[in-house]
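User: I would like to know how the labels applied to this structure are reached. Please set each value against its definition.

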Amino acid sequence: MILRRARYEAAGRVVGPLLASLDAWRRRSRSRSRARAPRTSPFGPPLESVRKLKELMSVHYFQGRYAEGAVPVAWVTSGFPVEILRPLGFHAVYPENHAAICGVQRLVPALSDAAEAEGYSRDLCSYARTDLGSVITGRTPVGRLPRPDLLACCTNICQTVLYWYRALAERFRVPLVLVDTPYVYGEARPHHVRYVKDQLEELVQVAERVAGRRAEPEALVEVTRIAKEGSDLWAECLAQGMHRPAPWTAIDGFFHMAPIVSLRGTEACNAYYRLLRDELKERVRRGIGGLRDERHRLLWDNLPIWFAVRQLSTLLAERGFNFVCASYTNAWAEAGSRIDPSDPIGSAAAAYTHVILNQDLPNRLGILRRLARDYGVDGAILHSDRSCKPYSIGQIDLKDRLVSELGVRVLLLEADHSDPRAYATEQGENRLAAFMEGFA
Amino acid sequence: MGAGLSDAHQRPYRRRRAHVVCSSGGATVTRKEYIARQRAEHGRKAVAVLPIHYPKELLTALDLLAVELWGPPGPPRGDAAGRLQTYVCALARNALAFLAAGGADAVDGVLFPHTCDSIQGLATLATDFGGWRKRAFTFLHPRGASRPSARAFLEAEMRSLAGGLEELAGRSLEPPRLTAALRLHAEIDAARAGLLDARPRLAMTDPELYALLRRGEWLWPEDHLAELRAARAAVKDRSVVQGVPVLVSGYVPEPIATLEVLNRAGAFVAADDYAAVGRRVVRAPLPGARAPEDPWALLLDRYWAAPPCPSRSADQGARVRHLEALAERSGPRGVLLHVLKFCEPELFDLPAIRKAFAGRGLPVLVIEGELEAELSAQAVTRIEAFVEMLSTGRAA
């Protein structure tokens, strides 16, 4: 146990950063040695922070390889109040983030095939199929995922995660803690928030039992403070997109959101966002845009299409279309305003109940309307995501309202967040081309 | 007469038990006619209810007629289905089309239980963005095990729902009436369980049995109970059904041709775990002593005593164990999993259920549907082949 713990700490503090630095150095020297003609790219100069982002996430996953038996491991949904687990020393693994990595690397069909061979339907969420396929085959692009001691699931992003984590619980035979967040129609009612608060208090007891130690109240306050600061820093980064030209694209944001999802409540997360914020501010000051020539500003709704994100954004960028905001990345920026370190449990109950996907359509329309106005967009693309029903239901009506209320052009693009088999490339690109022609 | 109808508080039900709806032999009554008749004869308002779980006892106690809306099946009855993507389940799409086209205008309100993402989305889509203009209620039932937080929430949510329903009904919820409703529904469940358990001794086809059981989705509970009692009286003392016993699980037995094909091929439903039917039959009897003083506690107990359902439970193992127990009780030779396309709560459990029954040597057939009006020829062939295989196995 002590040896394993030492190995885990060394992986996170020494070996992981060292390997990440070596990797970065190798990439840099490789790119220098390739003396090729400068490519014409519609994008502005890449963000310097990307290197740090890669290092941060690589170290996180590298350290995870040594977590088993060293520290308690929790597999956690992206909307789970992880702040409660951090003071107990849990290493948090985010299957959704892992599935997104698999999506970018186009590993989903193979992993999904493995899940489907066990009887899981292709109609299920592709994140879930990817995760289950990875568990079944042991295949992962991050080396190895540590086996969970605890499964922590919060239904504020969808009910799917509950069914998915039930299946994981049955497979791993480990406790599943559930934070069931009542859907918000209008305003959350007092007994709804009280219910979530009660569950969080119950969760502390289970997590303590699994971790074999008590949660110190001061530590929870401190982690909550860090998480709130992280959320606020992320909000500050996103807000830079309000400038013209936007110093980055929402597509960049999809990748840079990894720390706020996976490392929320850690100093490493916040340090990274300070770096990113400062770089973005500097780009604003110097007038450097995410696109070389930003002519139209777009809003993105729903999860990204991970396997095609670069192709689609390039297609649009070549015609001067920049995604300057996204309801998805914004979701992690909204929590900060509700989190109160002096009341970690109570404020977490309110904050995690009010995430975008747990709110009714008028609330969602309000968020889209606000983003559209604050970021000055003249168009929006609503990704109708086959794998994410809670995000996609209502989009047809939302589209009509955005058009009639704000006068912006809106395209509904049908795809899937990570399964390329559910996306028709030609058709999608045709629709995007027609959409862009409408701006001429 | 069941114990549930014996005390003085239940007189209103007895007095109003004016007629029994006949569907076999006698005149049939459509839902719309029935709703109109309930309103005219008893002054009862009606509430359309989306699937699956909800405290029907509250509606009964408030003299509100619950009329469940499982789609309806068949093609969407209006253009509004196009407001939901085609990868959303047929039930939600059909329900939106039906509500928006005025199909449910005979009722006074709609109740949307917190069943899944799709019905939850439908609740806000229909009420906030058009499709339903009358009163709308939500019932957010807790997920997971019966932990203290969930019990407290469930009670608060039920009381909140009761408050809304009281306004619609124009009367307050009197505890004795709630007790009476609890007894009535417990008696109905006992009768339904009795019929399902006595299946081999029932001289009925499966479509006839299910038509009877599913009339409980819209009949006034006392009318439904009268029908159930009549059917129970006809239970024979020996097996009268010939064929291969099959355990059936799934969402809703639609199209009913699924059961016709099963019967015609030589099989019958020996055990039921449909969300619309068996998964809502609470088998735990009401404890007599607590009843008069604490109907809310009884209501909560009944909720937790229902069979495991993926839309409520956090434990997949509990569901598998429940199905295994059903199989042990009824001795099926095969398992038919009849699922609704895109229904994630059901689909996620399939591998575990398949694995469990494979371990017991019980063949499993999965049939996926979209609430079609007719069963596809492919599905018919698969069911026939499945039953033939089971029959051959028996002969061997």
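Analyst: A:Val108, A:Leu111, A:Ser112, A:Ala114 and A:Ala115 of helix 4 of chain A meet A:Ser126, A:Arg129, A:Thr130, A:Leu132, A:Gly133, A:Ser134, A:Ile136 and A:Thr137 of helix 5 of chain A. Contact here requires C-beta atoms, placed from the backbone, within 7 Å. Helices (H or I, at least four residues) and strands (E, at least two) are DSSP runs, numbered from the N terminus. This is a predicted model, where local features need pLDDT of at least 70 and side-chain atom pairs count only at pLDDT 80 or more, while totals for chains, interfaces and linings use all residues. Residues are numbered from 1 along each chain as its sequence is written, with chains lettered from A and ligands numbered from 1 in the order in which they are written.

User: Why are helix 4 of chain A and helix 5 of chain A called roughly perpendicular?

Analyst: Helix 4 (residues 108–117) and helix 5 (residues 126–137) of chain A pack at about 75°, with axes 7 Å apart. Angles under 35 degrees count as roughly parallel, over 145 as roughly antiparallel, 65 to 115 as roughly perpendicular and the rest as oblique. Helix 4 and helix 5 of chain A are therefore roughly perpendicular to each other.

User: What makes helix 8 of chain A roughly parallel to helix 11 of chain A?

Analyst: Helix 8 (residues 217–239) and helix 11 (residues 267–286) of chain A pack at an angle of about 20°, their axes being 9 Å apart. That angle makes helix 8 of chain A roughly parallel to helix 11 of chain A. The residues of this contact divide into eight nonpolar, two polar and five charged.

User: How do you know whether A:Leu145 is buried or exposed?

Analyst: A:Leu145 has 21 C-beta neighbours inside 10 Å and so counts as buried. The cut-offs are 20 or more other C-beta atoms within 10 Å for buried, 12 or fewer for exposed, and in between for partly exposed. A:Leu145 lies in the loop between helix 5 and strand 3 (150–154) of chain A. Leaving aside neighbours within four places in sequence, A:Leu145 is in contact with A:Gly64, A:Val93, A:His98 and A:Thr140.

User: How many residues of chain A are in contact with chain B?

Analyst: 40 residues of chain A are in contact with 41 residues of chain B. Helix 6 of chain A gives the most to that side of chain A, with eight residues.

Key
Axes are lines fitted to C-alpha atoms, for helices over the stretch in contact, and angles run from 0 to 180 degrees between N-to-C directions. Ala, Val, Leu, Ile, Met, Phe, Trp, Tyr, Cys and Pro count as nonpolar, Asp, Glu, Lys and Arg as charged, and the others, Gly among them, as polar. Two residues are in contact if their C-beta atoms, placed from the backbone, lie within 7 Å.
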